[in-house]
Amino acid sequence: FFLPNPSTDDKSIAVLPFRNLSTDPKNDFFAEGLEDDLVASLARVRDLRIIGRRSAGAYHAKSSADLPAIGRALGARHVLEGSLRRIDDRVLLKVSLLDTHDGHVLWSERYDRALHDSVSLQGELAAAIVDALDVTLTPREKKDVGARSTDNAGAYVLYLKGLKLEKSPIFATSDYEAARVLYRQALALDPDFVLAHARLSSTLALLYRFRGPAEDLKQEAFAQAREALRLQPDLGEAHMAKALCYYRIDRDFNRALPELEIAHRLLPNDPEPESFIAYIKRRKGNWREARSILESLYSGDAQNFTFAEELFATACLLRDWKDAELRARRLEMLAPKVPQVGGETSYFYVWSRGDLRPIESLFAHYTDVGDLEGDVTWARWDSAMLARDYTKAQAALDMYPSETLPSVFSAPLPKSYLQGCIELAQDNRDAALLHFEAARPQMEADVLAHSDNAIRHARLGLLYAYMGRKADAIREGERAVQLQPVSADAYDGPQRLCTLALIHARVGDNDKAISMIESLLRMPGCVSFYEASMSLSELRLRWQWDPLRSELRFQKILSEPEPQTIY
């Protein structure tokens with residue numbers, strides 16, 4: 001998982017986490033943010049090779065004796081280490097740049113700055129590193145590397161706090177909400193702070209993606225991206241922000257791609273633009289090309305669990321269970337304490353083998369996991385339903401404090417819907433209908449408010465199917481497929497087809513449902529956390545498919561090996 005040893009003329013560098021020596025651990029954000037800002041500046045230099053932040057971030061050097069070994073492990077010819085102490089309004093920073101080939105310190109410096117002067121540290125550090133490594137700079141790179149992003153120290157501190165929250169690996173909308181507030185506060189102090197505009201735009205796009213469609217989020221996200229580009233048209237982060245608006249909000253991958261290519265050119269050592277190019281390739285059905293790009297990115301950032309996670313997800317979507325298992329083990333090693341990762345890798349055993357023990361063990365271990373969005377509650381409920389343990393399924397819902405899970409699959413879900421499913425799975429139809437009827441007004445209103453949102457139509461279609469409203473169910477399921485066809489989105493589109501197949505199964509169109517299953521079991525993109533997820537093991541387990549179990553064609557599917565996914 002590591003790069004080869006560096007050559008003698010290699011201009012590669014790993015920036016290790018700056019150690020926070022302040023008495024207040026809350027100043028971690030300042031050390032982390034300054035390091036992140038420095039790496040972002042160096043990413044603009046084509047003649048350098050920057051070791052990925054996640055890989056370098058896995059190493060916390062405690063003494064210079066560690067550095068050569070760390071550099072060799074990372075495949076970096078040079079390592080920068082530093083320590084930072086913040087005392088009231090002063091910032092004390094010590095940094096050293098070491099050649100891992102012979103252990104020679106190429107450059108070191110101590111900085112003692114007032115807080116209001118600390119905004120220039122990132123630029124000074126980047127310029128000094130480039131000079132020490134004798135890097136050839138283009139005129140644009142020379143201008144960009146030493147530039148300070150703001151002259152307002154208060155705005156810079158708020159920006160660094162927001163950056164830490166926005167880049168959290170947990171994908172919690174509460175973090176994005178907090179980052180949005182901090183970026184806005186930074187811009188109130190410095191309206192021309194271009195990076196804050198770009199990062200605010202990206203954060204708003206994340207909120208749109210995970211909290212759900214909202215016109216105010218869309219308008220502000222695009223406005224912030226436009227302002228960033230107005231202030232600095234050649235800023236890679238500004239083009240990245242605009243690309244993410246197209247990608248996450250409009251789902252317009254064709255318009256996102258040129259912006260990503262510009263960002264990639266302006267930020268040649270930042271993996272983010274290229275990673276989203278891979279995600280678009282995947283959504284366009286170019287699975288092999290997407291996989292190749294992600295492999296390349298991961299080889300240069302082998303501790304980056306985001307890339308490891310995407311490679312794992314891709315293998316699962318292709319039902320490449322052998323590769324997925326290897327990816328799952330690596331992912332668990334990289335992020336052993338992240339519940340989200342534990343949930344994803346535990347589901348792998350359900351998808352591939354029908355083995356519920358890993359996910360049951362996970363939830364027995366994670367007894368108190370923050371669940372603001374309701375995703376953990378959903379997974380607890382779903383795994384209990386897979387096991388036909390309806391008491392445990394109800395207990396999972398009882399643990400959740402509110403009546404709506406805000407963001408399951410980026411759409412709100414009433415608990416009454418899930419309670420209806422518990423009753424329906426036990427063939428208690430009258431009790432199920434009472435719960436479904438309680439959920440119906442909220443779900444119908446949500447579809448009316450977001451009429452172009454495929455997930456909401458699909459979910460409403462399933463509700464109608466469970467209620468026995470055949471025509472309404474098929475109408476909503478087909479509308480979801482129209483809004484998100486596989487031809488336009490090979491990543492999420494197949495799930496809309498899987499849901500439509502389940503709708504047909506629940507309303508008595510058994511032949512239609514089975515024909516769709518036969519096709520979908522060979523289609524990429526059908527395996528995920530949705531209740532209509534399509535793997536052979538899930539067809540055997542899930543209560544949702546019970547209406548088909550007496551059908552000979554369905555029994556034949558279940559008795560045979562899983563067909564090969566075609567891509």
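Helices (H or I, at least four residues) and strands (E, at least two) are taken here as DSSP runs, numbered from the N terminus. Counted in this way, the protein holds 27 helices and eight strands. The structure is a predicted model, in which local features need a pLDDT of at least 70 and side-chain atom pairs count only at pLDDT 80 or more, while totals for chains, interfaces and linings use all residues. Residues are numbered from 1 along each chain as its sequence is written, and side-chain values use heavy atoms, with hydrogens and water left out.

The pLDDT is the predictor's confidence in each residue, from 0 to 100. Its average over the protein is 91, and 96% of the residues score at least 70. Over residues 1-9, however, the pLDDT is below 50; this stretch has 25 contacts in the model beyond near neighbours in sequence, a contact being heavy atoms within 4.5 Å.

The overall dimensions come next. The radius of gyration is taken over C-alpha atoms, and the globule rule is 2.2 Å times the number of residues to the power 0.38. For 567 residues, a compact globule would have a radius of gyration near 24 Å, and the 25 Å of the protein agrees with this. The C-alpha trace spans about 75 × 45 × 45 Å along its principal axes. Of the contacts with a separation of 6 or more, 64% are accounted for by residues 24 or more positions apart. Burial is scored by relative accessible area: buried means under 20%, exposed over 50%, and partly exposed in between (1.4 Å probe, protein chains only). Buried residues make up 60% of the 567 residues.

Among the strands, β5 (residues 90-99) is mostly covered, with seven of its ten residues buried. Strands are said to pair if DSSP finds at least two bridges between them. Strand β4 (residues 78-87) runs antiparallel to β5, and ten bridges join the two. Within this pair, Arg86 stands opposite Val91 of β5. The hairpin of β4 and β5 has two residues between the strands, and Asp88 takes a positive phi near 55° there. Strand β6 (residues 105-114) is also antiparallel to β5, joined to it by nine bridges, and here Leu93 stands opposite Tyr111 of β6. Five residues lie between the strands in the hairpin of β5 and β6, where Gly103 takes a positive phi near 75°.

The cysteines deserve a look of their own. A disulfide is defined as a pair of cysteine sulfur atoms within 2.5 Å, and by this rule the count comes to zero. Cys498 is in no disulfide, the nearest cysteine sulfur being that of Cys526 at 3.7 Å. Cys526 is likewise in no disulfide, and its nearest cysteine sulfur is that of Cys498, 3.7 Å away. Cys498 is buried, with a relative accessible area of 0%, and Cys526 is buried with a value of 0%.

Ser533 is found in the loop between α25 (510-520) and α26 (536-541), and is buried, with a relative accessible area of 0%.

His504, in helix α24 (residues 493-506), is buried, with a relative accessible area of 6%. Apart from neighbours within four places in sequence, His504 is in contact with residues including Ile474, Asp509 and Met516. Ala439, in helix α21 (residues 429-449), is buried at 0% relative accessible area. Not counting residues up to four places away in sequence, Ala439 touches Pro414, Ser416 and Tyr417. Ala178, in helix α7 (residues 173-189), is partly exposed, with a relative accessible area of 31%. The C-alpha atoms of Ala178 and Leu165, 13 residues apart along the chain, are separated by 7.2 Å.
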